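Please look over the structure shown here, with attention to its sheet and to the contact between its chains. A short briefing follows, grouped by topic.

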There are 2 protein chains.
Amino acid sequence: MKRREFIKKAGVGAAAVAASAIAAPSVIAQKTYNWKMVTTWPPNLPVLQTGTERFAQRVKDATGGRINIQVYAGGELVPPLSTFDAVSDGTVECGSGAAYYWAGKTPACQWFSAVPFGLNAQGNNAWFYSGGGLKLWEEVYAPFNVVPRPQGNTGVQMGGWFRKEMNTIGDFNGLKMRIPGLGGKVIAGAGGTVVLLAGGEIFTSLERGVLDATEWVGPMHDLRMGFYKAAPYYYYPGWHEPGTTLEVIFNKKAYESLPKDLQVILDAVAMETNLWSLSEFESGNGAALQELITKHKVNLKQFPADMMDELRKLAKEVLEEEANKDPLARKVHDAFKKFKAQVGVWGTVSENAYYNVIADKFSLKG
Amino acid sequence: MKRREFIKKAGVGAAAVAASAIAAPSVIAQKTYNWKMVTTWPPNLPVLQTGTERFAQRVKDATGGRINIQVYAGGELVPPLSTFDAVSDGTVECGSGAAYYWAGKTPACQWFSAVPFGLNAQGNNAWFYSGGGLKLWEEVYAPFNVVPRPQGNTGVQMGGWFRKEMNTIGDFNGLKMRIPGLGGKVIAGAGGTVVLLAGGEIFTSLERGVLDATEWVGPMHDLRMGFYKAAPYYYYPGWHEPGTTLEVIFNKKAYESLPKDLQVILDAVAMETNLWSLSEFESGNGAALQELITKHKVNLKQFPADMMDELRKLAKEVLEEEANKDPLARKVHDAFKKFKAQVGVWGTVSENAYYNVIADKFSLKG
């Protein structure tokens with residue numbers, strides 16, 4: 001065995017010498033990788049699906065065509081919520097979604113997308129890249145042979161569209177609201193009835209009063225859905241999703257089969273797409289909110305501070321419950337809490353204090 | 001001439017066919033680029049210089065060694081503030097600094113690093129990548145044969161270290177403060193005496209009372225400088241640099257001589273380094289601020305709201321004056337203002353409202 005390996009290595013060496021002898025500059029044999037990518041997003045969904053297509057295009061451009069990724073939107077190749085399985089079992093080489101979709105597989109994943117009253121985009125990215133968060137995320141997905149990378153961030157979302165004013169925590173009692181994930185568990189804790197509906201069914205349900213309220217994303221996506229025609233009150237801030245991370249996931253074997261330079265390119269393009277998508281959200285949400293206020297006369301309302309305090313208490317209970325589900329979830333929860341405390345005071349004296357200084361420049365309706 | 005060009009092209013074609021005939025997978029002739037990079041930063045300066053070194057390493061890794069960038073800190077090859085000239089005239093292929101250093105060459109550059117009471121990191125990135133800001137920046141540097149890319153962001157900086165309490169705008173009258181750039185012009189407008197000192201001279205000057213105050217960066221860098229030993233009051237927020245953008249600049253001819261895939265890699269790695277550095281600042285500043293508060297008992301103080309209003313009025317005048325210096329500066333100023341208005345209300349209902357919700361979780365000293 002050892003002898004054969006030696007011969008193999010020697011052979012490679014000889015070939016390399018021969019190649020460099022034939023041509024200068026250096027000549028390198030390059031393999032082309034034709035990959036498939038599935039996503040949890042509908043076709044053409046701005047930033048989420050289009051950002052994934054951008055990712056694939058940039059990978060192609062940066063690799064000079066050595067990696068060609070064919071992107072399939074949700075349902076085009078596998079059902080949207082089979083994305084993780086398809087990547088895990090090697091049906092496809094990569095996918096895009098958000099970690100909270102996989103809570104049924106491993107509760108620990110829920111800290112890597114959106115935590116009610118958790119970190120915002122800047123905080124999440126700091127945790128991932130400079131605070132050990134991505135290492136933990138890799139640990140959580142490793143048993144599934146899946147390698148995660150942050151690929152986008154929505155920024156702070158909106159609190160949702162409501163058919164009535166929300167004045168106290170009691171107003172959630174009996175409220176029928178479309179709100180998935182941990183946010184939904186918090187609303188259920190406040191006595192609300194959580195309704196899960198596919199995107200296409202929400203508008204009609206809200207308009208007919210089958211729903212009293214719905215959250216979606218932010219102004220850019222909410223405007224497209226036309227919710228302002230069905231519910232007059234548009235509440236902020238989105239305490240339930242204060243900076244939702246979107247992910248690109250790779251099949252571990254496929255990722256590790258790549259030469260090192262191509263792995264670095266995938267990582268770099270994922271990271272630039274993360275920043276690109278947050279920038280698209282910031283810019284697009286700004287423009288869409290102006291349109292909602294000036295053209296559609298939306299009644300923009302802030303959740304009362306007391307209500308936020310009550311919801312935060314409930315969120316803490318929900319997170320503790322999730323953390324108790326297994327040791328890995330506990331480990332991730334504790335690490336997240338620790339990092340949030342590390343950047344908390346800093347956030348207050350930097351971004352928060354600065355926003356407060358410039359905020360009074362803008363008048364809000366409602 | 002045309003006939004010779006035809007022969008040259010035909011020759012390339014024949015070589016390519018021959019190469020692909022010899023070996024499958026495809027064989028590509030690849031040139032290696034050995035580049036020099038100079039920076040405005042001192043050796044080992046965290047995030048700014050080390051981030052530039054990270055940029056070079058990632059470029060090497062992502063290109064499989066096709067681009068090797070040798071990084072020289074400020075003064076190692078050319079003086080720090082000759083960075084732009086060295087890149088412009090092709091002495092080196094690339095550099096790293098911040099746009100406001102080049103105000104003497106073109107006043108329009110000042111909107112691409114730090115604008116007093118301007119955009120924060122998230123806003124600046126949205127402007128660059130999704131609001132036309134980077135296109136304008138390219139236009140401003142084009143006459144110098146320089147191609148800019150954002151390579152980092154400090155986040156909101158701190159307001160500075162003061163030997164006395166600052167209660168009203170009148171307290172700036174006669175105050176000797178080390179504060180460069182547009183912020184310095186604002187302080188001068190408030191009656192302060194702006195002192196420019198190299199980094200190594202600041203501490204002693206502050207300790208001896210030659211300076212009454214100094215700004216620097218944020219907690220991570222300020223802690224290293226030991227300013228807490230020389231001035232008891234640490235003020236926030238850094239209204240003068242609310243999200244300073246750091247740049248990588250390329251000599252245009254060098255950048256354009258690269259094949260497309262290598263250009264994309266440079267752009268992608270610059271963009272990921274931009275997000276990486278903001279993440280390092282967020283994480284590192286959080287930890288350093290905790291140390292300053294708990295270990296060094298720093299007196300953390302917020303600038304009064306009235307003072308912020310007065311400084312903002314002065315900043316507006318300073319910016320108008322700079323914008324009047326030439327038509328390009330006016331164009332950039334107007335575009336910046338327009339984008340700031342686009343994301344202003346959105347920032348207030350999203351990040352600002354969310355920070356306010358979580359801020360009361362943190363108690364501040366002072």
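Helices (H or I, at least four residues) and strands (E, at least two) are taken as DSSP runs and numbered from the N terminus, and two strands pair if DSSP finds at least two bridges between them. This is a predicted model, in which local features need pLDDT of at least 70 and side-chain atom pairs count only at pLDDT 80 or more, whereas totals for chains, interfaces and linings use all residues. Residues are numbered from 1 along each chain as its sequence is written, and chains are lettered from A and ligands numbered from 1 in the order in which they are written.

**The sheet of chain A**

- An open sheet of 5 strands with mixed pairing has the order E3-E2-E4-E11-E5 in chain A, and its edge strands, E3 (67-72) and E5 (146-153), each pair on one side only.
- From one strand to the next the twist averages 25°, with axes as lines fitted to C-alpha atoms (for helices over the stretch in contact) and angles from 0 to 180 degrees between N-to-C directions.
- E5(A) and E11(A) (residues 245-251) run antiparallel and are joined by 7 bridges; Gly152(A) has Leu246(A) in E11(A) as its bridge partner.

**The helix across the sheet**

- Helix H2(A) (residues 48-62) lies across E2, E3, E4, E5 and E11 of chain A and runs at about 165° to E3(A).

**Chain A against chain B**

- Contact, defined as C-beta atoms, placed from the backbone, lying within 7 Å, involves 75 residues of chain A and 76 residues of chain B.
- On the side of chain A that touches chain B, H10(A) gives the most, with 21 residues.

Terms used: Contact = placed C-beta atoms within 7 Å.
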